[in-house]
Amino acid sequence: MDVPLWLALIVVGALGIKLIRPPWWLIAVILLGGYLLSDSVIAPLIDSTIK
């Protein structure tokens, strides 16, 4: 079964928010930090580490 990455991330994120109940500001900081990091100079290093 092929599940798109964006769908898997939404499901895992929704379950995490529902079960752990972190503050909304923490969720916003993590999302913004991930977005900014993905467009940074170290993005290729992170990509090669994940693969």
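Biologist: What volume does the largest pocket have?

Modeller: This is a predicted model, and in it the largest pocket has a volume of about 330 Å³.

Biologist: Which residues line the largest pocket?

Modeller: The lining is made up of L9, I10, V12, G13, A14, G16, I17, I20, P22, I27, I30 and L31. Two helices, α1 and α2 (24-38), each supply at least two of the lining residues. The most comes from α1, with eight residues.

Biologist: How many of the lining residues are nonpolar, polar or charged?

Modeller: Ten are nonpolar, two are polar and none is charged.

Biologist: Is L19 buried or exposed?

Modeller: Residues over 50% relative accessible area count as exposed. L19 is exposed because its relative accessibility is 69%.

Biologist: Let us turn to the backbone. What is the phi of R21?

Modeller: Start with the general idea: most residues other than glycine have a negative phi. R21 is not a glycine, yet its phi is positive, about 55°.

Biologist: Where is R21 placed?

Modeller: R21 belongs to the loop between α1 and α2.

Biologist: And is R21 buried or exposed?

Modeller: With a relative accessible area of 66%, R21 is exposed.

Key:
Residues numbered from 1 in each chain as written. Predicted model: local features only at pLDDT ≥ 70, side-chain atom pairs only at ≥ 80, totals over all residues. Heavy atoms only, no water. Buried < 20%, exposed > 50% of the residue type's maximum accessible area, 1.4 Å probe, protein only. 1 Å grid on protein atoms, 1.4 Å probe; cavity = no way out; pocket = protein on both sides within 12 Å on 5 of 7 lines; lining within 4 Å. Points joined across faces, edges and corners; volume = space filled by probe spheres on them. Helix = DSSP H or I, 4+ residues; strand = E, 2+ residues; numbered from the N terminus. Nonpolar A, V, L, I, M, F, W, Y, C, P; charged D, E, K, R; others polar.
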